[in-house]
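Welcome! Take a look at it, and then let us go through some of its parts together.

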Amino acid sequence: MPRFTIVIAAYRVQGYLGACLDSVLTQSFDDLEVVAVDDCSPDHCGAIIDAYAARDSRVVPVHQRVNSGPGQARNAGVERAGGDYLLFLDGDDTLAPGTLQGLADRLALTGDPDILYFNHVRTYWSERRAPSIFGDLLASAGTDVFSVVERPEFLRLFAMSSNRVYHRGFYTRHGFAFSEGIYEDALLSYKTMLTARRIACVDLVGLEYRQRRVGASTGSPGEKHFVIFQQYARLFDFLDDRPQLEPLRPLLFERAVSHFLFCLDRTSRVATADRPRFFRRAAEWYRDHVPAGFTPPVEGRWRFEALAAGSFVRYREHELSVRAAAAARKLRRTVRPPLAAQAKRTLYGLHRRRPVDDRLAVYSAYWGRGVLCNPAAIYHKARELAPEIHGVWVVRKSEIASLPDGVDYVIPGTRDYYRAVARAKYLINNVNFANEVVKRPGTVHVQTFHGTPLKCMGLDQQRYPAAAGGMSFGNLLKRIDRWDFALSSNPHSSQIWERVYPASYRLLEYGYPRNDVFFTASDDDIRRIREQLGIPAGHTALLYAPTLRDYQKGFTPRLDLERLSRELGPRTTLLVRAHYSYRPQDQLARLQEAGLVIDVSRHRSVEELCLAADALITDYSSMMFDYALLDRPIVIYADDWDIYRSSRGVYFDLLSGSPGETPGAVARTERELVEVFREGRWCDADATALRTAFRARFCRFDDGHAAERVVRTLMLGQDDTELPVPSTSAPRARLLPVGGDSASAGPGGGDSATAGPVGGDSDTAEPRGGVLTAE
């Protein structure tokens with residue numbers, strides 16, 4: 001029998017669940033079991049739990065058939081528990097290192113009490129950590145064991161489910177269970193405390209109580225919050241049957257009313273329109289349950305008195321006077337904005353008074369760099385499936401010449417720009433629209449993203465200030481609050497996006513529209529692209545695409561490109577693409593003039609470059625995740641992995657060599673990179689196996705219909721049941737073998753045994769440049 005059973009309830013916490021499970025399973029005290037309950041979560045929580053259970057026998061997976069709420073999920077977990085003590089965790093919380101050892105030591109010291117309380121810290125999206133106010137109270141208990149009748153001040157402890165452990169015998173003997181609805185943990189917290197005869201405490205900060213920006217069960221207003229009155233009515237019914245607890249009634253009454261007022265004052269729980277009705281219900285509850293001779297607390301006395309009088313008008317008058325004083329202080333600190341900015345806001349505001357144009361869509365990509373990436377694929381598909389929707393692009397003046405014929409555009413900051421973004425129903429971007437853009441009712445904002453996260457993104461960048469580059473995370477949150485939809489191309493991305501961009505958007509696991517072309521391109525298309533790029537017939541084309549370095553200024557090739565080109569041999573063409581953030585490079589221009597490389601840094605389509613290349617050499621670029629769809633070799637050249645990982649932060653160890661983390665052969669030096677190609681390791685069986693596992697993890701949702709699904713969902717109003725269904729049995733598109741010529745030798749002049757078509761065994765082998773459907 002394990003010492004602890006940790007019951008973890010999981011619902012829509014895919015971005016946090018792994019960290020929660022890791023925090024438990026890596027505890028130094030390992031005499032435990034984890035009962036992880038998937039409360040019929042619509043995201044990947046169930047799969048995450050099953051994956052952990054497959055790796056660690058201490059994890060017991062439980063899958064609820066219907067979503068029943070956190071209370072019922074915890075009850076289901078208790079039914080499977082076998083430990084001496086129960087500890088309840090929500091799937092987005094974590095345990096601090098050493099917590100279970102500290103709890104085990106205090107349990108032994110206090111003779112296995114009914115309940116052991118410990119401390120917590122609130123952790124916020126901003127990386128702020130706020131200690132609880134209960135440290136002194138917990139410390140005051142020392143090693144005493146007591147009942148709450150003897151120490152009633154402990155009723156002021158935070159009434160939640162995760163800051164204590166319950167002796168399982170005590171818990172089950174008294175038939176405790178969580179009730180339905182939210183605020184169920186407060187009811188159970190008080191009932192167990194009032195029942196326990198042996199309570200102990202330890203001032204151990206063990207629970208890291210995550211304060212999510214969105215997604216918490218109590219984080220959105222609605223009728224569900226009115227159940228709080230029923231929960232506390234049940235508590236007072238419980239008191240009625242236990243006259244020995246009567247002296248505690250006034251303090252419990254104060255705790256209940258304080259909880260009501262806490263909810264009333266937060267629009268995240270009680271909407272403005274619902275406040276009068278919530279106040280009336282609280283006043284009724286107050287009159288029905290107030291103990292004889294009750295004296296309101298000094299702090300906030302006016303709130304209790306307004307409730308006792310049943311006067312919301314009186315409550316609002318006092319509340320407004322407090323707010324007015326605060327607003328006056330803020331106004332004095334406000335600096336009048338520049339007149340020019342004010343004029344733009346005025347113009348924009350006038351356009352926003354006009355009706356939303358249901359047939360207007362505004363697109364943007366890479367901060368106005370042109371018709372590119374996922375927005376471009378959606379734009380073209382919308383012209384096909386929803387031609388009545390007029391698409392307009394936000395484009396920098398410097399990029400106008402690059403636009404395809406027939407594309408309508410506006411330039412940022414102009415009158416046409418403000419008119420378009422003010423009136424468009426659809427606003428589609430792979431980064432973010434400017435802070436000044438307002439989310440109008442009836443409009444649809446779509447965040448397409450433009451890669452799969454290896455490096456830390458969003459709120460996670462707070463831990464890496466050099467990488468954040470002075471980013472305002474407050475403005476970031478304002479921007480993501482505009483999103484209605486966001487795209488994901490794999491479960492890994494889904495889990496990261498929801499955590500680092502916390503808002504109430506709907507995640508569309510449709511794949512990336514820009515990758516649809518990998519499923520539709522023909523052999524003739526690829527030959528045409530290679531010819532346009534200047535790749536000689538019969539050559540093996542290697543695309544070198546390093547990513548941006550936050551810790552250095554400007555593009556500095558981490559390879560001696562001239563030497564590499566000569567080492568790879570005369571039948572290899574090296575395509576070099578610097579990150580789009582860098583200016584054109586004179587060095588690359590000179591190498592191109594010498595015929596040693598082809599500089600494709602300014603080529604408009606990354607997708608065409610991927611189709612043209614027989615293999616990809618990269619370091620940490622997200623291009624690798626898209627290129628993996630083509631099932632062609634990927635070679636990682638990572639000479640500065642340790643620096644990059646420390647300065648930017650990463651989500652997994654790209655160089656581990658583990659299936660699902662490393663996409664192919666790895667080189668840490670130039671010499672190793674050359675040897676990877678000379679020895680054929682870039683396309684051998686080991687590299688193929690790694691690539692297969694990498695594709696299985698990161699190419700789950702792409703199948704050639706991503707753009708269609710987006711357009712049908714957004715613009716045609718079709719739900720998921722009407723969309724194209726990914727097919728795992730569809731044939732692969734036939735793309736070119738290495739070098740565009742099955743008789744060509746591989747890089748480095750290797751012999752035909754190791755340098756033939758990628759993945760093929762001979763000149764007659766079927767090409768392996770094909771694209772698998774989503775798996």
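## Helices that meet

In α14, the residues A377, I378, K381, A382 and L385 meet A707, E708, V710, V711 and R712 of α28. Before going further, please keep in mind that this is a predicted model. The helix α28 spans residues 706-714, and it packs with α14 at an angle of about 60°, the two axes lying 9 Å apart. The crossing in which α14 passes α28 is right-handed.

A second pair of helices is worth a visit too. On the α21 side, R563, L564, E567 and L568 take part, and they meet E670, R671, L673, V674, F677 and R678 in α26. The crossing of α21 and α26 is right-handed. In general, the angle between the axes and the distance between the axes are used to describe two packed helices. Here are those values for both pairs.

| Helix pair | Angle | Axis distance |
|---|---|---|
| α14 and α28 | about 60° | 9 Å |
| α21 (residues 561-568) and α26 (residues 670-678) | about 25° | 10 Å |

With its angle of about 25°, α21 is roughly parallel to α26, because angles under 35 degrees count as such.

## The open sheet

Now let us turn to the strands. Seven of them form an open sheet with parallel pairing, in the order β12-β11-β10-β13-β14-β15-β16. Which strands stand at its edges? They are β12 (408-410) and β16 (506-508); each has a single partner strand, so one side of each is left without a neighbour in the sheet. From one strand to the next, the twist averages 25°.

Inside this sheet, β14 (residues 444-447) and β15 (residues 485-487) run parallel and are joined by two bridges. Opposite Q447 stands A486 in β15.

## Strands around β9

Another strand to follow is β9 (residues 199-211), which runs antiparallel to β5 (residues 94-95) and is joined to it by two bridges. There, T94 stands opposite E208 in β9. With β6 (residues 115-124), β9 pairs in the parallel sense over nine bridges.

## Nonpolar cores

What is the number of residues in the largest nonpolar core? It has 89, and W497, Y501 and M715 are those with the most contacts inside it. The largest share of this core comes from α14, which supplies five residues. Leaving aside neighbours within four places in sequence, W497 is in contact with F449, G451, P453, M457, L487, S488, Y505, L507 and Y512. Another core, of 67 residues, lies apart from this one, and includes F154, F178, A186 and V270.

## A residue in a loop

Our last stop is Q718, found in the loop between α28 and α29 (752-755). Is Q718 buried or exposed? Its relative accessibility is 19%, and residues under 20% count as buried, so Q718 is buried. Not counting residues up to four places away in sequence, Q718 touches R712, T713 and L723.

Conventions:
Residues are numbered from 1 along each chain as its sequence is written. This is a predicted model: local features need pLDDT of at least 70, side-chain atom pairs count only at pLDDT 80 or more; totals for chains, interfaces and linings use all residues. Side-chain values use heavy atoms; hydrogens and water are left out. Two strands pair if DSSP finds at least two bridges between them. Helices (H or I, at least four residues) and strands (E, at least two) are DSSP runs, numbered from the N terminus. Axes are lines fitted to C-alpha atoms, for helices over the stretch in contact, and angles run from 0 to 180 degrees between N-to-C directions. A nonpolar core is a set of buried Ala, Val, Leu, Ile, Met, Phe, Trp, Tyr and Cys residues joined through side-chain atoms within 4.5 Å. Buried means under 20% relative accessible area, exposed over 50%, partly exposed in between (1.4 Å probe, protein chains only). Contact means heavy atoms within 4.5 Å. Angles under 35 degrees count as roughly parallel, over 145 as roughly antiparallel, 65 to 115 as roughly perpendicular and the rest as oblique. A crossing is left-handed if the near helix is turned anticlockwise from the far one by less than a right angle, and right-handed if clockwise.
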